[in-house]
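Hello,

Here is the model I promised to pass along. Please have a look at it first, and then read on for what I found.

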Amino acid sequence: MRSRSRQAFTLFELMVAVAVIGIISSWVFRSTYTYLQEQHLRQAANEFVSYLLTARARALREGSLSGRACELQLIATTVAPTTHPENVCKDSPRLDLLAVSGGDHLQITSMPESSLITFNRLGVVASSNLSNSNIVPLPRIFYFSNSATQVQQCVLVDLSSLRIGWRNSPRTELCTYDEN
Amino acid sequence: MKTSFCRLLALMKASSPSRRTVAMQHGFTLVELLMAVALGSVVLASLGGFLLVSELRVSAKIQRNLASKDAATRAIHLMREEALLSSYIRGPVVPASDFCDDAPLAYVQRGDPTGKLTICYKLLDSKNPPSDLPDIYQNAFDGQCVLLRKGPSYKPNGDLDTSSDSVIQVLLVGPAQPCTFTVALTSTITLGAATYSRNADIQLKLDSSKPYSFSARVPSNPAYDGNDFYQYTCSSEESQAGSCSYADLAVLHLKQAKDYVGATSKENIVYFDNPASAYTLLDQRSGSASCTYAQCYVEERRGGLGVQLSFVDALVFTDKEIRPR
């Protein structure tokens, strides 16, 4: 009588428990992975803005007397100064956004399409560049995305302001920007 | 001796807890302990979470304030720099026909009466946004204070790109409204529907913070008294002959003082509204077509302006700068 009341779990009960734990674990793992990938994107956007702020400060400091500018180029996921002779930033180190963010599949696109950003001696973004005289209108938005999440980070580069925002998916055209 | 021992034994027996007392002094059960730990954890976690969230909010607010002050400083820097590129400052035009007309602050570039190069600043009215506000700005501001700039864009060398169209750009995004942007022009002259000046006292107030007050001054010749503008109107003969070719002379001008002797204690710079080709530079004493540091007579080729300059270090035209020797 006593031994009957202390019977163990049945195989079915164990299997159900294991299945439930598995489902919950996979959901938690998936959510955590997605969250981490979003954080990597955010980190990449922050690093990008930080790099641009440094470039702007340098253009203000060193371009004011000479009338030169600080020109940067985004190639895939790397930002680097161009080698133009009038570029005051040409000795700046390059920044590998994929490496500093720690993400997996970083992709950066811009709208309107332009890989060059030039800060002039006034610290504002020029509409044309040292290496290319074509006019690219402002503002420009850089979208940071990866395959693990639909959420994208947006970096808005305007005449004299840089803002970070996000959008839920590429289908949602407009980004929501952080408050200043 | 035996009696004493028996008494001590009896006393010890009396002072020791009975079985009943021991049974009543049992500790917490495991369930009670677990519940206490769980409740304690919930209370501590709530408190910790509250403190953490408060700290994060305060930190974020400080960051926003810093970013906002930085943005305001840069916007003011640009507004002052752009004043230095301009010929005069214009107040609102009544009635307003375009974006810049009802802007409280507009800079008119030298030699640009057409208004193509006018740069103006205005707060965004979110309920009534300008029709030419780029789509990309839609949804970008949530009740925030936004200072807009309309004007030509910039070249990499820091010059205005005079070949580009004027576009609206966001100069500053501050905290939530209300914010104010007020401009007071000093030493003004009214011509037509607008008021012009060379000096403006500007106040920018974001949120409930202390206002940023600054002055914008366009480059002015010495002894400016607010009355050195004049409006040139082509004569009927000129119009008929088609010789009124200086379209930029037909609207508004800066009239130089008739004679100007530079002070020895400072660098003397005189600004002109048109390209150097619109003027004749003469050394009046010799009559030769040269302009010396000691004496330089500047005359508009078409007539109207003549100014005798002495000891002037630089003559700044819209296209170039001349430093007489």
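Two terms to begin with: helices (H or I, at least four residues) and strands (E, at least two) are DSSP runs, numbered from the N terminus, and two strands pair if DSSP finds at least two bridges between them. Residues are numbered from 1 along each chain as its sequence is written, with chains lettered from A and ligands numbered from 1 in the order in which they are written. Please keep in mind that this is a predicted model, where local features need pLDDT of at least 70, side-chain atom pairs count only at pLDDT 80 or more, and totals for chains, interfaces and linings use all residues.

Let me start with chain A. β6(A) and β7(A) make a hairpin, with two residues between them. Their pairing is antiparallel over six bridges, and within it Y143(A) faces C154(A) of β7(A). β6(A) also pairs with strand β4 (residues 107-111) of chain A, again in the antiparallel sense, over five bridges; there, Q107(A) has S145(A) as its bridge partner. Strand β6 (residues 140-146) is largely enclosed by the rest of the structure, because six of its seven residues are buried (buried means 20 or more other C-beta atoms within 10 Å of the residue's own, exposed 12 or fewer, and partly exposed in between, with C-beta atoms placed from the backbone).

Next, a residue in a loop. S161(A) sits between β7 and β8 (162-167) of chain A and is buried, with 22 other C-beta atoms within 10 Å. Leaving aside residues up to four places away in sequence, S161(A) touches A71(B), V170(B), L172(B) and V173(B); a contact means that the C-beta atoms, placed from the backbone, lie within 7 Å.

In chain B, four strands form an open sheet with mixed pairing, in the order β13-β17-β16-β15. Its edge strands are β13 (259-261) and β15 (279-282), each pairing on one side only. β13(B) runs parallel to strand β17 (residues 306-310), joined by three bridges, and V261(B) has S310(B) as its partner in β17(B).

Finally, the confidence values. The predictor gives the complex an ipTM of 0.80 and a pTM of 0.72. Chain B has a mean pLDDT (the predictor's confidence in each residue, from 0 to 100) of 77, and 74% of its residues reach 70 or more. Over residues 223-227 of chain B the pLDDT is below 50, and over residues 246-252 of chain B it stays under 50. Where pLDDT is low, the predicted coordinates should not be read in detail.

Best wishes

Conventions
Two residues are in contact if their C-beta atoms, placed from the backbone, lie within 7 Å.
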